[in-house]
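Visitor: I am new to this structure. Please show me how to read it.

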Amino acid sequence: MNRTLRATLMAGGVVAMAACASAIASDAEAKTVKVHLTAKETMVPIDNEGHKAIGWTYDGQIPGPVVRATEGDTIEFTLTNDPGNKNSHSIDFHAARADVLTAFAPIKPGETKSFTFTADHPGAFFYHCGADPMIQHIARGMIGAIIIDPKDSNEMPKADREYVLVEHQTFDNPEDVKGMMANNWQHDAFNAVPFQYDPVHDVNATQTLEAKPGERVRIYLINAGPNEFSGFHPIAGIWDRVYPSGNPKNVLVGMQNYTVAPGDAATFDIISPKEGAYALVNHSMRAALSGSIAVIMFSNKADPSMGHGDKILPRM
Ligand SMILES: [Cu+2]
């Protein structure tokens, strides 16, 4: 599949456009990727039972769409603050070098703004709202992943499946900014819903991550915080490789655990030699047992669609 089409599929509502008309872009050919996200204050799922609450989101989902481009690409980004919202919102891409006072500044409901940056560094990066109070905009859900694939696709071993996990702490009272500052969170979740991929700890969970034995599974872990570090460990497995910030030049091997700070991200490769299950956890026990456990099932019957296309971030 060519890179342009791939970027379009990965990004959901995100539109990618080749700078030239060629449909067979090579890996090295820089392109322009147009990304338009809309800040929306809307109802979102908060548990596996189907309860909902008002979240602050990008495009109505937590985390927001996975933005994907290739090292060297130009990203033409537009943010709209939905006119039905009550609050100002912004975006901060950790993959960008830009002006915090203009590009990353908040806009009011009904406003739209654009800025451009080049994806100079490959890796897995956090994006989030930086409007005041930032702790609340992150906790309420304005978080997401931007993946910049290396220009030279041989710089990393090819992944057979990929999954994006955006971890963050949530608060039962989303208006309680004092409680957020005191770090009184109640839940810690991968992709917003506690135990979303863990039917062991929540019988209402309907899915797990899936792969076949022998496949290289690449996990992009984005730690959205707002406050806690994440000691990411695969129970019953070992990380084959860990790439801090997802950059192929930062490679660690045979890791049991790697700590991802709030606002940081890393890429984790894992391979299971046989059928069975691993549990991917933030090994801080308060975090794990409050929701940040994701089961990955290794089976020869693994669903071939899981870990590809929009199922790199499986949603309920
Ligand atoms: Cu916001």
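Guide: Six strands, in the order 11-10-13-18-15-16, form an open sheet with mixed pairing. The edge strands are strand 11 (187-190) and strand 16 (252-255), and each pairs on one side only. On average, neighbouring strands here are turned by 25 degrees against each other, direction ignored. Axes are lines fitted to C-alpha atoms, and angles run from 0 to 180 degrees between N-to-C directions.

Guide: Two notes on the model. Residues are numbered from 1 along each chain as its sequence is written. The model is predicted: local features need pLDDT of at least 70, side-chain atom pairs count only at pLDDT 80 or more, and totals for chains, interfaces and linings use all residues.

Visitor: What makes two strands a pair?

Guide: Strands of a sheet pair through backbone hydrogen bonds, either parallel or antiparallel. Two strands pair if DSSP finds at least two bridges between them. Strands (E, at least two residues) and helices (H or I, at least four) are DSSP runs, numbered from the N terminus. Here strand 15 (residues 239-244) and strand 16 run antiparallel, joined by 3 bridges.

Visitor: Where does UniProt place the feature "binding site"?

Guide: UniProt positions use the numbering given here, feature names are shortened, and annotations may be inferred rather than shown by experiment. The unreviewed UniProt entry places "binding site" at His89, His94, His128, Cys129, His137, Met142 and His283. They span 195 residues in sequence, and the farthest two C-alpha atoms are 32.4 Å apart, so they do not all gather at one spot.

Visitor: Is Met142 buried or exposed?

Guide: A residue is buried if 20 or more other C-beta atoms lie within 10 Å of its own, exposed if 12 or fewer, and partly exposed in between; C-beta atoms are placed from the backbone. Met142 has 31 such neighbours, so it counts as buried. Met142 sits in the loop between helix 2 (134-139) and strand 9 (143-149). His128, in strand 8 (residues 123-128), is buried too, with 27 neighbours.

Visitor: Which residues is Met142 in contact with?

Guide: Contact means that two C-beta atoms, placed from the backbone, lie within 7 Å. Leaving aside neighbours within four places in sequence, the contacts of Met142 include His89, His128, Cys129 and His137.

Visitor: Which residues have the most contacts inside the largest nonpolar core?

Guide: A nonpolar core is a set of buried Ala, Val, Leu, Ile, Met, Phe, Trp, Tyr and Cys residues joined through C-beta atoms within 7 Å. The largest has 78 residues, and Leu221 and Ile296 have the most contacts inside it. Domain 1 (32-149) and domain 2 (161-298) both give residues to this core, so it lies between them. Domain bounds come from an automatic or database domain assignment.
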